[in-house]
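Hi,

Here's the structure I said I'd pass on.

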Amino acid sequence: MDVAGAARRSPLLAEADMQELRHCTRQMLASVRFREYRHTSVYVHHDEDIVLGVDPPSHEEFPHRDPSKAQERFQEAGAKVLDLIDLLSPSEADEPVSGTSNYKPNTAFIMMAIDRNRPELEDIRNAIKEMFEKFGIRAITADEIEHEGVITDRILNEIDTSEFLLADLSDERPNVYYEVGYAHSRGKRVTLYRKAGTELHFDLAHWNCPEYSNATELKKLLGTRLEAITNRLNPSGVARRKSM
């Protein structure tokens with residue numbers, strides 16, 4: 001029974017229910033190891049439509065001194081999961097997962113630090129956009145979004161509707177971590193990169209996030225990655241191979 005997939009398709013369950021399902025399953029797994037699972041949610045600091053900062057979500061585990069307490073927490077989490085399952089019909093639960101849908105083909109959203117006063121960031125952004133363009137993909141960043149309402153909502157919409165997502169975790173910006181976390185919560189795959197020497201925070205420490213030293217190296221890494229995930233040849237790569 002595909003509970004997670006059915007929950008995503010069910011009109012009776014909201015995103016908050018999906019989060020609850022994730023936390024409950026993590027608590028159950030932690031309890032099996034005689035540990036307590038605790039989590040805190042994302043908190044966005046903003047002034048009208050300007051994001052001032054983000055406290056990213058976090059989770060951690062603590063050992064249980066009393067095994068009976070672990071059993072109690074396992075049963076509590078299991079009961080909540082069963083409550084969610086009761087809202088699903090058998091047909092929803094048995095339906096195979098069809099994957100991400102309702103995206104705009106050949107579009108990409110870039111999540112990264114943006115500062116017009118830092119030329120090196122412009123170089124990185126231009127390098128990323130140029131490589132996407134070689135594969136016929138139109139990529140944009142947050143400051144290129146036309147909007148009338150809250151910019152945060154427009155960013156989340158781009159994450160929901162873009163076919164490809166890329167995040168540069170250099171500078172360790174809270175808003176970038178928040179956007180990556182949102183994308184993962186929506187079941188979206190995000191290609192991650194970071195400038196050499198950048199520390200990865202706990203939430204993404206186990207994800208593949210190659211380092212780059214400059215824009216040229218990043219373009220090479222991204223070109224190889226796009227060849228793999230799009231099943232298309234990198235035009236610049238073809239040219240290099242023919243000249244050899």
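**The loop residue, then the helix and strands**

Let's start with N208, which sits in the loop between β8 and β9. (Helices are DSSP runs of H or I with at least four residues, strands are runs of E with at least two, and both are numbered from the N terminus.) Before going on: this is a predicted model, where local features need pLDDT of at least 70, side-chain atom pairs count only at pLDDT 80 or more, and totals for chains, interfaces and linings use all residues. Residues are numbered from 1 along each chain as its sequence is written, and side-chain values use heavy atoms, with hydrogens and water left out.

Is N208 buried or exposed? It is exposed, with a relative accessible area of 55% (exposed is over 50%, buried under 20%, partly exposed in between, with a 1.4 Å probe and protein chains only). Leaving aside residues up to four places away in sequence, N208 touches L192 and R225 (contact means heavy atoms within 4.5 Å). L192 is 16 residues from N208 along the chain, and their C-alpha atoms are 6.9 Å apart.

On to helix α8, residues 215–230. Its 16 residues should span 22 Å at 1.5 Å a residue, and the end C-alpha atoms are 21 Å apart, which agrees (the expected span is 1.5 Å times one less than the number of residues). Buried in α8 are L218, L222, G223, L226 and T230. These cover an arc of only 135° around the axis, so they lie on the same side of α8 (the arc is that of the directions from the helix axis to the C-beta atoms). The background is that an α-helix has 3.6 residues a turn, so residues three or four places apart point the same way. Cover for the buried residues of α8 comes from elements including α5, β7, β8 and β9, while K220, T224 and A228 are exposed on the face turned away from the buried side.

Now the strands. β5 (residues 104–111) pairs in the parallel sense with β7 (residues 162–168) over five bridges; pairing takes at least two DSSP bridges between two strands. Within that pair, A108 stands opposite F164. β5 also pairs in the parallel sense with β6 (residues 138–141), over four bridges, and there I110 has T141 as its bridge partner.

Have a browse and tell me what you think.
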